[in-house]
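These are my notebook entries on one structure.

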Number of protein chains: 2
Amino acid sequence: MSIQARKEREKLEMRTLILKAAKDLFLVDGFEKTSIRNIAEKIEYSPGTIYQYFDDKDDIFLTIHIQAFDRLMALFNKVSDIANPFERLREIGKIYVEFALGNPEMYDLMFSMRAPMASLQAKKEEWGCGFEAFDFLKQTLQECIEQGLIRFQNTELATISIWAHVHGLVSLYIHERFQMLPPEQVSTIIHTCMDNMMELIKKE
Amino acid sequence: MSIQARKEREKLEMRTLILKAAKDLFLVDGFEKTSIRNIAEKIEYSPGTIYQYFDDKDDIFLTIHIQAFDRLMALFNKVSDIANPFERLREIGKIYVEFALGNPEMYDLMFSMRAPMASLQAKKEEWGCGFEAFDFLKQTLQECIEQGLIRFQNTELATISIWAHVHGLVSLYIHERFQMLPPEQVSTIIHTCMDNMMELIKKE
DNA sequence: AAATATAATGAACAGTGTTTAAAAATCCAA
DNA sequence: TTGGATTTTTAAACACTGTTCATTATATTT
C-alpha cells in the first residue's frame, strides 16, 4: 500500500500548494479580484487542474477560512493559563485586535465576507473552530461574572456585546471608515478604545 | 432656453432611472453580482448608454452611497429636537439599528463595502453626509458628557466607541456571524445588547 | 429640407468561473 | 519490457463580466 500512500500524500501536497498560492493572492488582491486563472498561473498549472482538488472557488475560500480560525484559536490558547479571567480577557482583546490589524484581508474573510458564507452553511460539520473561539471568550466572561469582576449578569449577552464592540472597531478600521480621524492616530485610538472599554465593564 | 432646460431635465430623469434600477438590483443581488448589463436590461437600454450618464460602476455606487447617507441623516434629524441628550442618544441608536436591519445590503454598501471606497476618496468633496452623521452623534455625546450623563470623558473616544459597538452588532448580524445563536432570537438579542450598552455607559 | 449636433447602439476587447473532451503521464500486469 | 488500463493535466469552449468605440439613429438648428 505504499504507492497509494504516496498518491494521497501527493494529492495533499497539491492541495497545500493551491491553498498557499490562493491565500497569498487573496491577501494581496482580495477574494473577488483573485481569479482561478491567477492561482493556476502562480502554481504553473492549468486552471482546470484546480477543479480536481477543489469543488469551486468557494471551497478554496472555505478551507482557508477554517485554517485561519485554527490560527486564531492557537493564539488564544497561549493565554488560556492566565488565572485572572479579567486579565485573560484583556489579553484576548489584544490578540484579537493584533490579529485583525495584522491580517486585515484574512480578518475580512473570517468576519465580513458575505458571499461564501452560504456554502459554509452547507459544510457546517467541518467548521467547529469558529464556535470554539466564541466559546473561549464566553468561558472567560463566565468566570469574570462568577467572580463579580465585570458589570454584566448574562454571559451570552456579555460575550456578544464585547465581541461586537471589538469587531466594530477593527471592522470600521479595516474598511477605511475612520477617515474623519487623523490617519496616523487611528491605530492608537483603537487601543485607547479597548482600554476604555475594559474600564467601562470593570466592576467598581 | 427652454429646450436646454428640458434636455437637462431629461438627463436627470435618465440618471434617476439608472440609479433606481441599480439600487434595486444592488439591494437584491448585491453590488458584485449586479452587472451593467443587468441594469441596462432592466431599464430597457443598451449597456453603452449607462456610460453616457455615469463614469463607471463605482460612480453609480458612489451616487447611491451619498443618497443613502442623506436618508440616514434625514432619519436622525427627526430626533434632533429631543432635549435630553441621553434620550436622544437612545433614539439615534434605535434609528441606526432599524436602518441597518431594514436595509442590510444598503448598510453594507455604506459601512462595509471595501472596493469602491478608494474611488470615493477621489471625490471626497462631494461626500459630506458621512461626516455629518458622525458629527450628529458626536454632538449628542458632547452634550451627554457636559451634563455628566455618561461614563466618558473624551467626546471623540465616546463617539467612536459607541458607533463601533452598534456597528459591530449589526455588522455581525448582517454578515451572518451569529450562527451560534438561535436564529429567531438574534434580532431581540441585538436590541437587548443596545439597552444593556445604554445602562453600561449611563453614569450612576 | 439639409447640415449639424446629440444620443443610443451593438460589436469588440480582455477579463471572469466552470465544464469537458482529448491528450499526456503514470501505473500494473503479462 | 511492452501494451493496456487508469489517472492526471490540458486547452478549448461556454456563458458571463466591465468598458470602449465606431456606427447608426434621433433630434435640433440653420
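**Entry 1: cavities**

I counted 2 cavities of 30 Å³ or more in this predicted model. For the search I used a 1 Å grid over the protein atoms alone: a cavity is a set of points where a 1.4 Å probe fits but cannot get out, a pocket is an open set with protein on both sides within 12 Å along at least five of seven lines, and lining residues have an atom within 4 Å of a point. Grid points were joined across faces, edges and corners, and a volume is the space filled by probe spheres set on the points.

As to conventions, the model is predicted, and local features need pLDDT of at least 70, side-chain atom pairs count only at pLDDT 80 or more, and totals for chains, interfaces and linings use all residues. Residues are numbered from 1 along each chain as its sequence is written, chains are lettered from A and ligands numbered from 1 in the order in which they are written, and side-chain values use heavy atoms, with hydrogens and water left out.

I then took the largest cavity, which holds about 320 Å³ of space. It has 26 lining residues, and B:Tyr96, B:Phe111, B:Phe134, B:Leu137 and B:Trp163 are the closest to its centre. Helices H4 (57-77), H5 (85-102), H6, H8, H9 and H10 of chain B each give at least two residues to this lining; helices here are DSSP runs (H or I, at least four residues), numbered from the N terminus. H8(B) gives the most, with 5 residues. By class I noted 21 nonpolar, 3 polar and 2 charged residues, where Ala, Val, Leu, Ile, Met, Phe, Trp, Tyr, Cys and Pro count as nonpolar, Asp, Glu, Lys and Arg as charged, and the others, Gly among them, as polar.

Which residues lie nearest the centre of the second largest cavity? They are A:His165, A:Leu200, B:His165, B:Met197 and B:Leu200, out of 14 lining residues. This cavity has about 70 Å³ of space. H9 and H10 of chain A and H9 and H10 of chain B each supply at least two lining residues. I found 10 nonpolar, 4 polar and no charged residues there.

**Entry 2: a pocket in chain A**

The second largest pocket has a volume of about 410 Å³. Of its 31 lining residues, I recorded A:Phe76, A:Ile92, A:Tyr96, A:Leu137 and A:Trp163 as nearest the centre. The largest share of the lining, 7 residues, comes from H5(A). The lining divides into 22 nonpolar, 4 polar and 5 charged residues.

**Entry 3: the interface**

I next listed contacts (heavy atoms within 4.5 Å): 44 residues of chain B touch 44 residues of chain A. The two chains bury about 4,300 Å² between them, 63% of it on carbon and sulfur atoms; buried area is the accessible area (1.4 Å probe) lost on putting two parts together, summed over both. B:Arg114, B:Arg177 and B:Leu200 supply 18% of the area that chain B buries against chain A, more than any other three residues.

I found 13 residue pairs in polar contact across the interface, both residues at pLDDT 80 or more. A polar contact is a pair of N or O atoms within 3.5 Å; within protein, one must be able to donate a hydrogen and the other to accept it, and residues adjacent in sequence count only if both atoms are side-chain atoms. On the side of chain B that touches chain A, H9(B) gives the largest share, 13 residues. That side divides into 23 nonpolar, 12 polar and 9 charged residues.

**Entry 4: salt bridges**

How many salt bridges cross the interface of chain B and chain A? I found 0, although the count over all chains is 12. The rule asks for a side-chain nitrogen of Lys or Arg within 4 Å of a carboxyl oxygen of Asp or Glu. I looked up A:Arg88 and A:Glu143, which form a salt bridge with the closest N and O atoms 2.9 Å apart. A:Arg88 lies in helix H5 of chain A and A:Glu143 in helix H8 of chain A, so the pair ties together parts that are 55 residues apart in sequence.
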